[in-house]
Amino acid sequence: MSFLRMPVVAGLVLAGSLIPVSSNAQEAAMGQKDLKALDPKLMDTSVDPCVNFYQYSCGTWLKQNPIPADESSYGRSTELEDQNRLVLKSILEKAAAGGSERTPNEQKIGDYYATCIDVNAVNEAGLKPLQPVLDRISALSSKDGLPELTAYLDSIGIGTLFDFGSDQDFKDATREIAVFSQADLGLPEKGYYDRTDAKSVKLRDQYKDHVARTFELMGESHDQAAKDADAVLKIETELAKQSLSNVEQRDPQAVYHKMTLANFEGTVPDFAFARYLRALDVPPVDSLNVAEPKFFTGLNAVLPSTDLDSLKAYLRWAAIRQTPGTALPQALDDESFNFYGKILEGQPEQQPRWKRCVRSTDRALGEALGQVYVAQRFSPQDKQRTLELTRDIEAAMGRDIDQLDWMSAATKTRAKEKLHAVANKIGYPDKWRDYSTLEVVRGDALGNLQRASAFEVHRQINKIGKPVDRGEWGMTPPTVNAYYNPQMNDINFPAGILQPPYFDPRQDDAVNYGDAGGVIGHELTHGFDDEGRQFDAAGNLKEWWTPEDEKKFTERADCVVKEYDGFVAVDDLHVNGKLTLGENIADLGGLKLAFLAYLDRAQKTGVELAKKGDAEYGGLTPAQQFFVSYGQGWCQNNRPEDLRLRVQTDPHSPEEFRVNGVLVNLPEFQKAYGCKTGQPMAPAKRCAIW
Ligand SMILES: [Zn+2]
């Protein structure tokens, strides 16, 4: 339940300064732009704000910022990512050059980055570093060896026939339990394997060609590669058939099936899961969550009907596909980019290597790198200011719950209990991750990636059976994103997003409440969206709504589903109202809460709400500034291929609808701009939940 799309990554997901600490001269030398949260120069005031507020707020930005060749989309969040990446680059280059006086963490991030960036060494090594993995796969002499082999592959970050990890027990948020879930496949989502429209069929053909070419580049003959690609597609299609769709997975009840290991093994007799767990060195598992039981009974049917050579082709494909391109020789790296970057996202060019290596280091050692980032870009005062803003938004939500006309007093009491229990995590963790057992070897690119994956797998597995660590973060500090976790009941704002243009202390409250306030309101509202509302104050999946209130909530949510179903994202492809429901509820509730909090703040500080601002604020009233700041947070150009991918996989709506789709529902917006009822941005019928 994040603010922005989470990157799709190969292998495991390893998981400012409001007033910049460094000087302006240093900023400029580093290539930093001066980003403002509200910038009237980015607007297109020839557009009527009551007709298309997104174009009105962002029109000039959209014209001035074509998508760079090495991006699939480019928006204001990408601008901030660019800024953050320059800071990280300078940290990493310094650590890479440093000698014996480096701290252990500086040695790790510096050597990791220096090794990643050395393209010649990676090319010279070719596929040799991956050979031990490929050898283990070829050595598989019968399907009986699969539990040990897949455990080995999982231990170095290569997921195969299913996923395994740890998670809080949905019904006992104090405990970590083991979780088996459906496999990640080579195409982005189940629907990609069964849609029959021309574009989807073509994409599947392109995928199969990509798999075949990859096998050829790994040394197979043309015919063998084609045969193996067929086998991969066949197995993946079978597994996709047994999988839940992304919409189905949004229902927490649908992905919670707690059982004993013995019971689970009984449903999948053709795969010895107890042996798999032993091989992976997992502590004793007394109970576990089998997220999608149907997938595993399906897997049990696929295994006997698949021959050993086909399975080995599937495992080889899993291994190469999930090996990050920065550790592969050029031809394989290019081939992977051609499908996943060019075809799937429409991105013409690969990113320069340094950008990919900054990202790779952040994934592997994010809290070591993030610690230095925070020291440079996020001060204790910044943290304090964000905390105050967060508390303002939370107070607004309390008042908002009180005045809801559709919710009973009993449910309101429980809702406020939950609200008061939300933990605010801001900037960075209180306790930094200890990387002392992770060895980084200069010159061993693939080894570093595998050891980082192994470190993360071990960290996850070690949680099983233990109490939950509530201090843990699921994003690294430099990340331009934020999230709510319903099982922790916490909101998390990495230092990376608490920077201009999302938070800008040089500008007025109206601006920061519209921007950062909207982000905070969004995450907070996730606790009360269609998914988050099913968890209670302690983070347990537990009914706390009266049936009548639940019914009224669902009716209101259906209004939002219908609204977003009506938006055309690209060509003939509509936004999926059910897939994006939680995010749309969070956008809608979040901005309303931020505005309520702002009105309160304005009253306390004596702001004249009707008074127009000066040129820096575009001559806009404070309420108008609030909404334009919100709108400008979403300025973004998208390639059509990427939009198509997002509509089918991303729970977030495209930016234009995150602005216009929200504002049409707010009477406060209509009032701020004096729109007439019936104009496009001020419809007579509205959706309202929070
Ligand atoms: Zn979200």
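Is Cys 559 buried, partly exposed or exposed, and what is its relative accessible area? In this predicted model, in which local features need pLDDT of at least 70, side-chain atom pairs count only at pLDDT 80 or more and totals for chains, interfaces and linings use all residues, Cys 559 is partly exposed, with a relative accessible area of 23%. Here buried denotes under 20% relative accessible area, exposed over 50%, and partly exposed the range in between, with a 1.4 Å probe and protein chains only. Residues are numbered from 1 along each chain as its sequence is written, and side-chain values use heavy atoms, with hydrogens and water left out.

Cys 559 is bonded to Cys 687 in a disulfide with an S to S distance of 2.0 Å, a disulfide being a pair of cysteine sulfur atoms within 2.5 Å. Because Cys 559 lies in helix H22 (residues 547-565) and Cys 687 in the segment after H27, the pair ties together parts that are 128 residues apart in sequence; helices are DSSP runs (H or I, at least four residues), as are strands (E, at least two), and they are numbered from the N terminus. The torsion about the S-S bond of Cys 559 and Cys 687 is -80°, and the link is left-handed.

The structure holds 4 disulfides, and when the bonded cysteines of the chain are numbered in sequence order, the pairing reads 1-7, 2-6, 3-4, 5-8. One of these disulfides joins Cys 50 to Cys 675, with 2.1 Å from S to S. Distant parts of the chain are linked by this pair, since Cys 50 is placed in the loop between helix H1 (24-29) and helix H2 (53-64), and Cys 675 in the segment after helix H27 (667-673), 625 residues apart. The torsion about the S-S bond of Cys 50 and Cys 675 is about -85°, so the disulfide is left-handed. Cys 50 is buried, with a relative accessible area of 5%, and Cys 675 is likewise buried, with 6%.

A further disulfide joins Cys 116 to Cys 357, with an S to S distance of 2.1 Å. Cys 116 belongs to helix H4 (residues 104-117) and Cys 357 to helix H16 (residues 353-377), so parts that are 241 residues apart in sequence are tied together. This link of Cys 116 and Cys 357 is left-handed, with -80° about the S-S bond. Cys 116 is buried at a relative accessible area of 5%, and Cys 357 is buried at 0% relative accessibility.

The zinc ion is coordinated at 2.0 to 2.1 Å by Ser 2 (O), His 522 (NE2), His 526 (NE2) and Glu 583 (OE), where donors are N, O and S atoms within 2.8 Å of the metal (3.2 Å for Na, K and Ca) and, as water is not among the atoms, sites may look incomplete. The angles among the 4 donor atoms run from 93 to 144°, and the site is irregular; four donors count as tetrahedral if all angles lie between 85 and 135 degrees, four count as square planar and six as octahedral if opposite donors are over 155 degrees apart and all others between 65 and 115, and anything else is irregular. Among the coordinating residues, Ser 2 is buried, with a relative accessible area of 4%, and His 526 is buried at 0% relative accessibility.
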